[in-house]
Amino acid sequence: MHGWRAFDLLDLAVKCPSSYPIPLTAMPRKPLLIFLLTLFLTVLQVQWAAPADGYDAETLSILSPEVLGAYPGVLLLFLLAVFARRAMSVPRQAAICTGLLAAYWLLANYVTFDARVASWSTFSPLEIWMHVLPASVISIAVCGVAWFGLGCVILRQWRAKK
């Protein structure tokens with residue numbers, strides 16, 4: 001190889017130019033941790049509450065748990081940026097985010113059940129809710145408590161470093 005393609009990308013990443021305003025190691029990890037926590041818990045919650053019938057794990061669709069987890073992750077990052085400007089307390093931030101996440105998880109469970117099971121049968125919306133609510137209560141509670149606790153730890157840790 002010759003020219004500009006001959007350099008090693010790993011070598012470039014390690015020897016970051018000194019004119020770069022923020023060293024890569026000093027960049028905040030909070031947004032990444034919040035996003036990954038939201039993604040992991042959403043996938044866990046949707047899989048936990050999902051019906052066993054009618055799921056094809058080989059297809060990646062808009063209703064797959066991995067895709068469903070990306071939406072609230074991005075939303076919560078924007079919401080936490082707004083909260084940071086308002087100097088809101090950490091438990092209050094985590095409680096609001098957990099509440100929004102719980103509502104999102106319940107709606108995701110409804111849509112998932114509707115697409116995987118109810119579309120093959122004649123379920124009314126009330127019957128869908130009668131199946132979704134009992135299946136969702138435990139998973140939403142456990143994942144919500146986990147998000148609240150870990151979210152508080154991540155937000156406090158970041159605030160202490162600031």
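Does Pro134 count as buried or exposed, and at what relative accessibility? At 59% relative accessibility, Pro134 counts as exposed; the points below place this residue and others in the fold.

1. **Basis of the note.** This is a predicted model, in which local features need pLDDT of at least 70 and side-chain atom pairs count only at pLDDT 80 or more, while totals for chains, interfaces and linings use all residues. Residues are numbered from 1 along each chain as its sequence is written, and side-chain values use heavy atoms, with hydrogens and water left out.

2. **Confidence.** The mean pLDDT of the protein is 76, and 69% of the residues score at least 70; pLDDT is the predictor's confidence in each residue, from 0 to 100. Helix H1 (residues 9-14) has the lowest mean pLDDT among the elements, 42, whereas H4 has the highest, 89. The pLDDT is below 50 over residues 1-16, a stretch with three contacts in the model beyond near neighbours in sequence. Residues 22-27 also fall below 50, and this stretch likewise has three contacts beyond near neighbours in sequence. Where pLDDT is low, the predicted coordinates should not be read in detail.

3. **Overall architecture.** The protein has five helices and zero strands, and its elements run α-α-α-α-α from the N terminus on. Helices (H or I, at least four residues) and strands (E, at least two) are DSSP runs, numbered from the N terminus. Among contacts between residues at least 6 apart in sequence, 73% join residues at least 24 apart; contact means heavy atoms within 4.5 Å.

4. **Surface and burial.** The accessible surface comes to about 10700 Å², and 69% of it belongs to carbon and sulfur atoms. Accessible areas come from the Shrake-Rupley method with a 1.4 Å probe, and for residues only the protein chains shown count as cover. Of the 162 residues, 30% count as buried. Buried means under 20% relative accessible area, exposed over 50%, and partly exposed in between (1.4 Å probe, protein chains only).

5. **Nonpolar cores.** The largest nonpolar core has 19 residues, and those with the most contacts inside it are Leu41, Leu76, Leu80, Phe83, Cys97, Trp105 and Trp147. Such a core is a set of buried Ala, Val, Leu, Ile, Met, Phe, Trp, Tyr and Cys residues joined through side-chain atoms within 4.5 Å. Helices H2 (30-49), H3 (65-86), H4 (90-116) and H5 (125-161) each supply at least two residues of this core, and H5 gives the largest share, six residues. Apart from this core lies another, of six residues, among them Phe113, Val117, Ile128 and Val132.

6. **Trp105.** Leaving aside neighbours within four places in sequence, Trp105 is in contact with Leu41, Thr42, Gln45, Ile140, Cys143 and Gly144.

7. **Two threonines.** Thr38 is found in helix H2 and counts as buried at 0% relative accessibility. A polar atom of the Thr38 side chain lies 2.8 Å from the backbone oxygen of Ile34. Beyond neighbours within four places in sequence, Thr38 is in contact with Gly69, Pro72, Gly73, Leu76, Leu101 and Trp147. Thr98, in helix H4, is buried at 14% relative accessibility, and the side chain of Thr98 reaches the backbone oxygen of Ala94 at 2.6 Å. With the same exclusion of sequence neighbours, Thr98 is in contact with Gly144, Trp147 and Phe148.

8. **Cysteines.** A disulfide is a pair of cysteine sulfur atoms within 2.5 Å, and by this rule the count is zero. Cys152 is buried, with a relative accessible area of 7%.

9. Pro134 is found in helix H5; Pro134 and Ala49 are 85 residues apart in sequence and 9.1 Å apart in space, C-alpha to C-alpha. Arg116, in helix H4, is buried with a relative accessible area of 7%. Arg116 and Pro51 are 65 residues apart in sequence, and their C-alpha atoms are 7.7 Å apart in space.

10. **A backbone point.** Ala87 lies in the loop between H3 and H4 and is exposed, with a relative accessible area of 64%. Although Ala87 is not a glycine, this residue has a positive phi of about 55°.

Conventions
Polar contact = N/O pair within 3.5 Å; in protein donor to acceptor, adjacent residues only side chain to side chain.
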